[in-house]
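Colleague: I've got a model open and I'd like to go through how its labels were assigned. Can you put it up and take me through them?

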Amino acid sequence: MENNILGKNIAFERKRQGMTQEQLAEFSDLTINYLSKVERGVAKKISADSLFKIARALNISMDSLFTTDGCEGKVIKKGPYQRQLDKYFSELDYEKTEIISKHFLEILRVSSKD
């Protein structure tokens, strides 16, 4: 039963955000086939890591995936470019993330002066 609630919440939130299963797969580094099984409630095993990746890709909390209230109202709005940046940063180590962030902030400061 919990997988069914989980799957319904994932599908609901994905569709609410106008995201395809293919896009969710890309943002979460999971396969479309696996996500389809999770959404339908037929996935046999769902790891905490997979749940974390799905929640992060949808910009929602992991616990909201299990509530009977659904995910509505628990969304941090992010567009596709910000999601791509989040995914990129999550794959880097701390030092590289800090260096890139510093340069990005410098670019923002320079561009805001114009």
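Colleague: How many cavities of 30 Å³ or more does the count come to?

Modeller: This is a predicted model, to start with. The count comes to 1 cavity of 30 Å³ or more, and the largest cavity has a volume of about 60 Å³.

Colleague: What makes a residue part of the lining of the largest cavity, and which residues are in it?

Modeller: A lining residue needs an atom within 4 Å of a cavity point. For the largest cavity that gives Phe27, Arg56, Ala57, Asn59, Arg83, Asp86 and Lys87. Helices H4 (48-58) and H5 (80-90) each supply at least two of the lining residues, and H5 gives the most, with 3.

Colleague: How does that lining divide into nonpolar, polar and charged?

Modeller: There are 4 charged residues, 2 nonpolar and 1 polar.

Colleague: Why is Asn59 called buried?

Modeller: Buried means under 20% relative accessible area. Asn59 comes out at 6%, so it counts as buried. Asn59 sits in the loop between H4 and H5, and its phi is near 60°, a positive value in a residue other than glycine.

Colleague: Where is Asp29, and what is its phi near?

Modeller: Asp29 is in the loop between H2 and H3. Its phi is also positive, near 60°, and again the residue is not glycine.

Colleague: Why is Asp29 called partly exposed?

Modeller: Its relative accessible area is 40%. Buried would need under 20% and exposed over 50%, so Asp29 falls in between and is partly exposed.

Colleague: What makes the pair Lys87 and Asp29 a polar contact?

Modeller: The cut-off for such a pair of N or O atoms is 3.5 Å. The side chains of Lys87 and Asp29 come out at 3.2 Å, so the pair is within it. Lys87 is found in helix H5. Not counting residues up to four places away in sequence, Lys87 touches Glu26, Phe27 and Asp29.

Colleague: Why is Arg40 called exposed?

Modeller: Exposed means over 50%. Arg40 has 51% relative accessibility, so it counts as exposed. Arg40 lies in helix H3. Arg40 and Lys8 are 32 residues apart in sequence and 7.4 Å apart in space, C-alpha to C-alpha.

Colleague: On to the inside. Which residues of the largest nonpolar core touch the most other members?

Modeller: Of its 18 residues, those are Ile10, Leu24, Leu58 and Leu65. Helices H1 (2-16), H2 (21-28), H3 (32-40) and H4 each give two or more residues to this core, and the largest share, 5 residues, comes from H4. In soluble globular proteins, nonpolar side chains tend to be buried together.

Colleague: What is Ile10 in contact with, leaving aside its neighbours within four places in sequence?

Modeller: Ile10 is in contact with Leu24, Val38, Glu39, Ile54, Leu58 and Leu65.

Colleague: Which residues of H2 are buried?

Modeller: Leu24, Ala25, Phe27 and Ser28.

Colleague: What makes the pattern of the protein α-α-α-α-α-α?

Modeller: The protein has 6 helices and 0 strands, and reading along the sequence gives that α-α-α-α-α-α pattern. Buried residues make up 31% of the 114 residues. Among contacts with a separation of 6 or more, residues 24 or more positions apart account for 55%.

Definitions and conventions: Residues are numbered from 1 along each chain as its sequence is written. This is a predicted model: local features need pLDDT of at least 70, side-chain atom pairs count only at pLDDT 80 or more; totals for chains, interfaces and linings use all residues. Side-chain values use heavy atoms; hydrogens and water are left out. On a 1 Å grid over the protein atoms alone, a cavity is a set of points where a 1.4 Å probe fits but cannot get out, and a pocket is an open set with protein on both sides within 12 Å along at least five of seven lines; lining residues have an atom within 4 Å of a point. Grid points are joined across faces, edges and corners, and a volume is the space filled by probe spheres set on the points. Helices (H or I, at least four residues) and strands (E, at least two) are DSSP runs, numbered from the N terminus. Ala, Val, Leu, Ile, Met, Phe, Trp, Tyr, Cys and Pro count as nonpolar, Asp, Glu, Lys and Arg as charged, and the others, Gly among them, as polar. A polar contact is a pair of N or O atoms within 3.5 Å; within protein, one must be able to donate a hydrogen and the other to accept it, and residues adjacent in sequence count only if both atoms are side-chain atoms. Contact means heavy atoms within 4.5 Å. A nonpolar core is a set of buried Ala, Val, Leu, Ile, Met, Phe, Trp, Tyr and Cys residues joined through side-chain atoms within 4.5 Å. Buried means under 20% relative accessible area, exposed over 50%, partly exposed in between (1.4 Å probe, protein chains only).
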